[in-house]
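Here is a short report on one protein chain. Please look over the sequence and the structure first.

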Amino acid sequence: MGALDEGHFCSELENGVKLGCIELSVDDEPETIAIEDAVKVLMQGLGEDVNREGLKKTPLRVAKALREGTKGYRQKVKDIVQGALFPEAGLDNAIGHAGGAGGLVVVRDLDLFSYCESCMLPFQVKCHVGYVPSGQRVVGLSKLSRVADVFGKRLQEPQRLADELCSALHHGIKPAGVAVMLQCSHIHFPNLESAILDLNHQGWVKLLVSSGSGVFENESADIWADFLSLLKFRGIDVDKTCLRDSSDWCPSQSSGSGNAVIKVESANQGMITAVTSILRSLGEDPLRKELIGTPARFVKWLMNFQNCNLDMKLNGFVSARVDPLDPNGDSCKEKQIHSELNLSLWSQCEHHLLPFYGVVHVGYMCSEGSIPIGKSLLQSIVCFYGFKLQVQERLTRQIAETVSSISGGDVIVVVEANHTCMISRGIEKFGSSTATIAVLGRFSTDPAARAKFLQSLPNNAISGP
């Protein structure tokens, strides 16, 4: 399913089905129920109580999000393109190309998301589409975005996504040629150890792919230069020399992950079976060669968030707590705000089992001459609370309370995060971010102290794709 071939696309064009046949209110459909049951198995495998407040509806939320995010399997290009072709004359007795007879049309910066077929995590796409009209007709521009969405909302890899979109548009609108350029960004989630120790972890893998048909089949054709120029002069960086193979772009397929996957397969067979069931319920074939290892890779990633006794792990930190007194025992000295900004955050939303990522800023009162809390200790605290099923509000409070226990009580914590669930569900709000704040001790009663810390926060955006 999803393989690129002429017959596949002709079939999609000839045999339409109703768009929108899947609504978010699909609670009672057998596919939804099957996914719910599988998600419960995954949560239990993480050591979670599926009846805990906050998790009770997670299986249903995950099922609806997955079905919404893969609804492209249940949509057909014919239903979109039919009725959206409009007559448009070309040049009248003149030499050149314009209008409905040869004038290049480019639609830029279409925001898409798709699920990676190797690990089932969403990846983000900036999609640029161009086509050369023929037969004195043009297609409604919004239809290009909708066709792109049909193929995006499937389990995909970047090159196949570009090829499928290009071929479908070529067959659907019958132009002189179609060009597709995709800028893809895949989250590279660290494990707990690397999140603590590797401060330079690169959180994203980026890839540029393209596909062309008709007059765009020759990559050296002048029309490609025109297409790229119309992207570049708007600041879109799409150097074709950066194009590369996308078959191994997913971080889950990086070197050294094979042995870890084998260990996961032997230890979590029930969870792997559950993921296989999810693939089948989404309309996929779990035996398709590109999906053979996907369940084990997804479970390997999910086990990063296994519930464990974090308090026991933090006991060692408390023994190294900072003494709020100065070396001479004078507690009356003026306290100053000490800050540690841009601590890396990686976590997993407990409502949708989707990642969120960002930065944590910590401020606390510290007497002059006392020893500040080490950055590595604060980063460890952030990671220990981040690597579990979480909500951002609770995470912020937990970090603040823990820092308070080792700093003397006056603490302010700000968490800024991007949530994958904001782009991979119905809302599809690209570029949004969420900020939460916790204030303890003096920071809760002293507006001037809060303002001083908040004004020190960096104004650069959260690092993302």
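## A loop residue with positive phi

M120 sits in the loop that links β2 and β3. This is a predicted model. The phi angle of M120 is near 70°, a positive value in a residue other than glycine. M120 counts as buried because its relative accessibility is 6%, and the cut-off for buried is under 20%.

## A strand residue with positive phi

N342 is another case to look at. N342 is not a glycine, yet its phi is positive, at about 60°. N342 lies in strand β8, which spans residues 335–349. Its relative accessibility is 35%, so N342 counts as partly exposed.

## Helix α8 and its cover

Helix α8 runs over residues 222–232. Five of its residues are buried: I223, W224, F227, L228 and L231. They lie on the same side of α8, because they cover an arc of only 135° around the axis.

What covers these buried residues? The cover includes four strands: β2 (105–116), β3 (122–132), β6 (177–187) and β7 (204–214).

## A buried glutamate

E36 belongs to helix α2, residues 30–45. E36 is buried but has no salt bridge. Its nearest side chain of opposite charge is that of K40, 5.3 Å away. The salt-bridge cut-off is 4 Å.

Which residues does E36 touch, leaving out those up to four places away in sequence? They are D27, P59, L60 and A63.

## A nonpolar surface patch

Three residues, I437, V439 and L454, form a nonpolar patch on the surface. Together they have about 220 Å² of accessible area.

V439 is part of strand β12, which covers residues 434–440. V439 counts as partly exposed because its relative accessibility is 32%.

## The whole chain

The protein has 465 residues, and 51% of them are buried. It contains 16 helices and twelve strands. Its accessible surface is about 20,900 Å². Carbon and sulfur atoms account for 50% of that surface.

How many of the contacts between residues at least 6 apart in sequence join residues at least 24 apart? The share is 76%.

Methods
Residues are numbered from 1 along each chain as its sequence is written. This is a predicted model: local features need pLDDT of at least 70, side-chain atom pairs count only at pLDDT 80 or more; totals for chains, interfaces and linings use all residues. Side-chain values use heavy atoms; hydrogens and water are left out. Patches are made of residues with over 30% relative accessible area and no salt bridge: like charges are joined within 9 Å, nonpolar side chains (Val, Leu, Ile, Met, Phe, Trp, Tyr) within 5 Å. Accessible areas come from the Shrake-Rupley method with a 1.4 Å probe; for residues, only the protein chains shown count as cover. Helices (H or I, at least four residues) and strands (E, at least two) are DSSP runs, numbered from the N terminus. Buried means under 20% relative accessible area, exposed over 50%, partly exposed in between (1.4 Å probe, protein chains only). The arc is that of the directions from the helix axis to the C-beta atoms. Contact means heavy atoms within 4.5 Å. Lys and Arg count as positive and Asp and Glu as negative; His and the chain ends are not counted.
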